[in-house]
Amino acid sequence: MKRTAFVVMTFIILSGCATAPREMDSVVFYPQLPQRPRLQFLHAITSEEDIGQRQGAVMEFLLGQPTSDKWLGKSYDIASTEGKIYVLDRKYKKLVIIDLANREFDYLRDQRMGALKDPSGICVSEDDVKYVADMKRKQVVVFGRDNKFSRTYGGPDLFDKPVDVAVYENTVYVIDMEKNKILALDKTSGKLKWSTGELGRGEGQLAKPTHVAVDHQGNIFVTDAFNFRVQKFDQHGKFMKSYGFLGDAMGAFARPKGLAIDSDGHLYVVDAAFENVQIFDDETGQLLLFFGGPGEAPGNMYLPAAIHIDYRNVEYFSNFVDKDFRLKYVVYVGNMFGTKKLNVYGFGDWVGDSLP
């Protein structure tokens, strides 16, 4: 995706022309046609039926009881690997595994030393290792490729309320909501390498941070919820810049939650109050595009909390893509309420001969 294309979108937004999507031939685009679309709403996943599984298959789900009703409750954080989507479900306090290849739901069987108590954040590494931030355990609990318990990081002597986790190379980054800190741990030894942050409104200070993400250069992005912004730090914890401000204007936040960074460095931020996602240019901090909106219509959101960008599983959603739209990657947005708990959007390019 070229920055020049996003500059064009910025001009469209700021001129007031792309405030909401509409359906045309049952397809929802952002920006809406006849402007050149960059995102398409593809699908919503709430139950196993939404990925092609028929009712009647009996399996253990969530609470370990045989049932044919396999539903997402409250989608609070999301990750993915090839053929699978992982959803941290705050209602059931479980890590739900959506197996796209086999068209079924399952859950991580956390037991004994790996039993989850109040999980909040999930990160899945390139080698399919799962890192789960658990607020009640005051630890990060790790599960291997085989989904079996592997190890933990931290504990009450280090964390007060670990709410999210991200991993980059040999560092595990943990957000502590009570301490208002970012803590960087050595992935091998588990020892604290450094920490930064304190309660406040200044640069590098935090107020109830909720989510963390790391880009391909190792830069750290943190949702600074009660300061209504996202802050960016380098991989050593040095403040770099911030995005957003309190308000109801474009580029402002009311209740920022989950965040993600695409391969071009663009920042996606969920706002639970506006019930949309805003996309920012990392270099300039400028708002480029927003999508979603409140309500139950296709593409809309209901108290969204999580967002995740997935380059590996595009093929599983190709049958939903408009014939004039070429898909590059998919974007998942998790809703805490409503009938659609996991919205799937596609980012790409319009390839039709002309716009209608």
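A: A pocket here is an open set of points on a 1 Å grid over the protein atoms alone, where a 1.4 Å probe fits and protein lies on both sides within 12 Å along at least five of seven lines; its lining residues have an atom within 4 Å of a point. Grid points are joined across faces, edges and corners, and the volume is the space filled by probe spheres set on the points. The model is predicted, with local features needing pLDDT of at least 70 and side-chain atom pairs pLDDT 80 or more, while totals for chains, interfaces and linings use all residues. Residues are numbered from 1 along each chain as its sequence is written, and side-chain values use heavy atoms, without hydrogens and water.

The largest pocket holds about 960 Å³ of space. Its lining has 34 residues, and those nearest the centre are C123, V124, E126, V214 and H308. Strands (DSSP runs of E, at least two residues, numbered from the N terminus) contribute to this lining: β6 (75-81), β10, β14 (162-168), β18 (209-214), β22 (256-261) and β26 (304-310) each give two or more residues. The largest share, five residues, comes from β14. By type, the lining has 18 nonpolar, seven polar and nine charged residues; Ala, Val, Leu, Ile, Met, Phe, Trp, Tyr, Cys and Pro count as nonpolar, Asp, Glu, Lys and Arg as charged, and the others, Gly among them, as polar.

One of these contributors, β10, also belongs to an open sheet of four strands in the order β10-β11-β12-β13, paired antiparallel. Two strands count as paired if DSSP finds at least two bridges between them. The edges are β10 (119-124) and β13 (149-153), each pairing on one side only. Neighbouring strands here are turned by 20° against each other on average, direction ignored, with axes as lines fitted to C-alpha atoms and angles running from 0 to 180 degrees between N-to-C directions. Between β10 and β11 (residues 130-134) there are five bridges, and V124 has K130 as its bridge partner in β11.

Another contributor to the lining is β6, which contains T81. T81 counts as buried because its relative accessibility is 6%, and buried means under 20% of relative accessible area (1.4 Å probe, protein chains only). Contact means heavy atoms within 4.5 Å; beyond its neighbours within four places in sequence, T81 is in contact with Y86, D128, R312 and N313.

Definitions and conventions
Buried < 20%, exposed > 50% of the residue type's maximum accessible area, 1.4 Å probe, protein only.
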